[in-house]
Amino acid sequence: MAARRGGIVCAMTPLKYLAGYPEPLQRQVRALIDAGKLGQVLARRYDTAHAVRTDRQLYDYTQAMKERYLRQSTPLHKVVYDPKLQVVKHALGTHTQVSRVQGGRLKASREIRIATVFRDAPAPFLEMIVAHELAHLKEADHNKAFYQLCTHMSADYHQLEFDLRLYLTQLELGQA
């Protein structure tokens, strides 16, 4: 939790979800936090929560997005909300390729796990996270091609990523 003095977040308190952003932008975010308006700003932009509550719905949602944008990629075998994923460790979701020996063959399956905290997030944030994890099916690294694929699947990807970081900051401060 961020250090507070008299209900105000100290100017020197690091905003861990915004660490890579320029200091003037971080100052603007701190001003919103100090004024208690960060939640209002996010609520105006993102007033609709998604209806994807179960692992099955998440799988169907992800599969539909994959079919729309990545038809030729490898099949997904599992997509679930994972309560063990810690957003603090900068993992919004994970993608893994699990290899198992089955008989005389090596069988690979792809899995996507999304942090459970996003079960109650606004709909565009789930779209952005799923786009991010699906992009890893084609591009392992966070390079130019990866981000081009993300913006192909979610046109406002970069704005959504920034706003998601604001949302996580808001949750951390208990202003949700």
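Select Lys16 and Glu172: their side chains make a polar contact at 2.8 Å, where a polar contact is a pair of N or O atoms within 3.5 Å, one able to donate a hydrogen and the other to accept it, with residues adjacent in sequence counting only if both atoms are side-chain atoms. This is a predicted model, in which local features need pLDDT of at least 70 and side-chain atom pairs count only at pLDDT 80 or more, while totals for chains, interfaces and linings use all residues. Residues are numbered from 1 along each chain as its sequence is written, and side-chain values use heavy atoms, leaving out hydrogens and water.

Stay on Lys16. Lys16 sits in the loop between strand 2 (8-9) and helix 1 (23-34); helices (H or I, at least four residues) and strands (E, at least two) are DSSP runs numbered from the N terminus. Its relative accessible area of 32% makes Lys16 partly exposed, on a scale where buried is under 20%, exposed is over 50% and partly exposed is in between (1.4 Å probe, protein chains only).

Next, select Tyr21 and Phe162. Rings of Phe, Tyr and Trp (its six-membered ring) pair if their centres lie within 6.5 Å, with planes under 30 degrees apart counted as stacked, over 60 as edge-to-face and the rest as tilted. The chain has 5 aromatic pairs by this rule. In the pair of Tyr21 and Phe162, the centres are 5.1 Å apart and the planes stand at 65°, so the pair is edge-to-face. Tyr21 belongs to the loop between strand 2 and helix 1 and Phe162 to helix 6, so the pair ties together parts 141 residues apart in sequence. Tyr21 is partly exposed at 25% relative accessibility, and Phe162 is buried at 12%.

Now select Phe125 and Tyr167. Their ring centres are 5.4 Å apart and their planes at 55°, so this pair is tilted. Phe125 is in helix 4 and Tyr167 in helix 6, so the pair ties together parts 42 residues apart in sequence. Both Phe125 and Tyr167 are buried.

Move along helix 4 (residues 123-138) to His132. His132 counts as buried, at 15% relative accessibility. Leaving aside residues up to four places away in sequence, His132 touches His142, Phe146, Cys150 and Tyr157, contact meaning heavy atoms within 4.5 Å.

Which residues of helix 5 (residues 144-153) are buried? They are Phe146, Leu149, Cys150 and Met153. These cover an arc of only 100° around the axis, which puts them on the same side of helix 5; the arc is that of the directions from the helix axis to the C-beta atoms. The buried residues of helix 5 pack against helix 3 (55-69), helix 4 and helix 6 (157-172). At the N-terminal end, Asn143 caps helix 5, with a side-chain oxygen 3.3 Å from the backbone nitrogen of Ala145.

Return to helix 1 and select its buried residues, Gln26, Val29, Arg30 and Ile33. Seen down the axis, they fall within an arc of 105°, so they line one face of helix 1. Gly36, with a positive phi near 70°, follows helix 1.

Finally, show the whole chain: it contains 6 helices and 5 strands. Buried residues make up 41% of its 176 residues.
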